[in-house]
Amino acid sequence: MDVVNSAILDPMTGWVILAAFSALWIALGWYWGRHSQALDDYVLAGRRVGLALGTATAMATWVTSNTTMAAPQIALQMGIWGMLGYSLGAVGLFLFAPLAARIRRLMPTGYTSGDFIRLRYGHFAWRVFLVISLFYSLGWLVSMGMAGGILIHALTGIPYHYGMTVILGICVGYTLLGGFRAVIGTDFIQALLILSGVVVIAFLAIQHIGFDDIHRSIATERPELLNLLMPASIMFLFNNLLFGVGEIFHSNVWWSRAFSFREGVGFKAYTLAGLLWAPIPIVAGFIALAVPALSLNVPAADMVGPMVAAEILGTAGAVLVLIMVFSALSSSIDSLLAATSILVVEDIYRRHLRPNATSAQMRTASARIIVGLGILTWLLCAPRITTLAELLYFTGAFVASTIWPIAAGLFWRRANTLGAIAGMLLGSAAGLYSYFAIGFYVAALVGAAVSMSCVLIACWLQPAAYDWADLQEHHPQESGGTP
Amino acid sequence: MLALALTTPLGAAAQSLQLEADTDVATAGYYQLRWSSTSPVVLEEAQTAEFASPRVIYRGSDGARVMSGKPDGELYYRVRNSDGDARSNVVKVTVRHHSLERAFAFFALGATVFIATLLLIVSGARAGTSR
């Protein structure tokens, strides 16, 4: 399990840093959440989030284990195109900007992405969507819990299970205390830490390693990484783009932000977040290409980012990387815990089990679900069955199949239930097949292509005439009582 | 998961060193080698199963190594203790990249889906704004 015997920081230093930042996040969670009693306050920050906080939370949430650890992994495995292709994840934020504006306009009192699918396509499509969305959420949570354990182990030698437990425990703690308001607030601070860290690391890395040395070493040791016609990396480019689009379009992490932003903020916030995010995976990925020049042994591909940064920058750099990636992971885990808990509360607890639940009961259920998600994630992280990128891209087969049902459902009256259901089911099946038959780098691409075909054919054969007013649903929580 | 294609019998000492790869055919040029050892090891790579002219690619106490950026071909690996008294089994990994035809077919498919999605959103957003 633990294959690194040459960590740059000693475990005591690691524990001190973890303790300091854990105390900070918990204190902030308590401070921001102390007045969040109403359900809207607890799960959507009162629907009054402005541009600065909105941009920061979108950017920080998208800088996650994907960006800071899987991006270097992809660069090490796929080379130049892997590094550049990873930054295409920003396209998901750009494309969601107009969707966020539309969601806020069509569903001013909405709570979840599940609400939209249920009202737009009916109950069967909604349940298919919930399965996909919850599976993805769990996959993402597990990947980040794993990333926390791997990062802390790689930099400090603290065993994987201890690090993973700390990061999950802390995020559950402050999300529980402060709800969505704490998530947004800590995201703002975490975004500042991440951006500052990336700038410093990029500057120091350029000072420490020459481009000539990096190029010469790769050309000798790992020549295919420089090959612009490397087949797997060519296949990966649009797969990564569509995977990112699918993640953002369907996930309640991004819908809950669209609901929580003040009117007119969503479009600008997501566009700015995309611009701020795009360079980060390029910087993170670039440092992985220094592996041959440094003669560094990388025991597991998903460890490469923190290991190279620590090797180049020494002890101070390792501390910086630990703080930066700890922030990146926290900002995503808290968002996912909050958004998934409201998805479970609204779409499963209230819609399936307790239709008359009061606002107070739903708030209590939301807190319990956050704890339950934390425990479930820990249990799934413990065996560490795969690498980060492979786990993430496994979910790509599913999420990319939701792109067209959601986008067409938001803009086309003629999009219909049959196309949405066929798109999600057949797209997921085809993506999954290609994952095993060809590789993780085509699963999302195939899923999206099959899903798009289903939606288009269904629209052409049997166009619907949906009334947008049907999306404006009365929620019992609005009056604080039962319906 | 394992690619223990070849095994070299080297007595009881060799049995304590086990080497494995996470795939026997690498279609993207990367794979991971793992070994079990409590002491520092030397990882060797060769173009033939006989290890006529092996190349040392790692010395140290870690328990695994990620290989990447490899061109098409067959490669053989083994690990030995630093003092050389024990050797592992030999692992063979074949690197065989996907064809360029297949790669560009997926590229074209991805580009088509992306452009169609972009058109849907841009035209939908414009129509929504004008209404």
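Analyst: Two strands pair if DSSP finds at least two bridges between them; strands (E, at least two residues) and helices (H or I, at least four) are DSSP runs numbered from the N terminus. This is a predicted model, in which local features need pLDDT of at least 70, side-chain atom pairs count only at pLDDT 80 or more, and totals for chains, interfaces and linings use all residues. Residues are numbered from 1 along each chain as its sequence is written, while chains are lettered from A and ligands numbered from 1 in the order in which they are written.

User: What makes β7(B) and strand β8 of chain B a pair?

Analyst: β7(B) and β8(B) (residues 91–95) share 5 bridges in the antiparallel sense, and the criterion asks for at least two. Y77(B) stands opposite V91(B) of β8(B).

User: How do you know that strand β4 of chain B pairs with strand β7 of chain B?

Analyst: Between β4(B) (residues 41–46) and β7(B) (residues 73–81) there are 6 antiparallel bridges. A46(B) has Y76(B) of β7(B) as its bridge partner.

User: Why are β1 and β6 of chain B called edge strands?

Analyst: The open antiparallel sheet has 3 strands in the order β1-β3-β6 (chain B). β1 (18–21) and β6 (64–67) each pair on one side only. β1(B) is joined to β3(B) (residues 31–36) by 4 bridges, with A21(B) opposite L33(B).

User: Why are α11(A) and α21(A) called roughly perpendicular?

Analyst: Their axes, lines fitted to C-alpha atoms over the stretch in contact, with angles from 0 to 180 degrees between N-to-C directions, cross at roughly 65° and come within 7 Å. Angles of 65 to 115 degrees count as roughly perpendicular, under 35 as roughly parallel, over 145 as roughly antiparallel and the rest as oblique; α11(A) and α21(A) are therefore roughly perpendicular to each other.

User: Which residues make the contact of α11(A) with α21(A)?

Analyst: α11(A) contributes F238(A), N239(A), L242(A), F243(A) and G246(A), and α21(A) contributes A444(A), L445(A) and A448(A). Residues are in contact if their C-beta atoms, placed from the backbone, lie within 7 Å. By class, 6 are nonpolar, 2 polar and none charged. Ala, Val, Leu, Ile, Met, Phe, Trp, Tyr, Cys and Pro count as nonpolar, Asp, Glu, Lys and Arg as charged, and the others, Gly among them, as polar.

User: How many residues does each chain give to the contact between chains A and B?

Analyst: Chain B gives 38 residues and chain A 43. On the side of chain B, α2(B) gives the most, with 18 residues.

Notes:
Contact = placed C-beta atoms within 7 Å.
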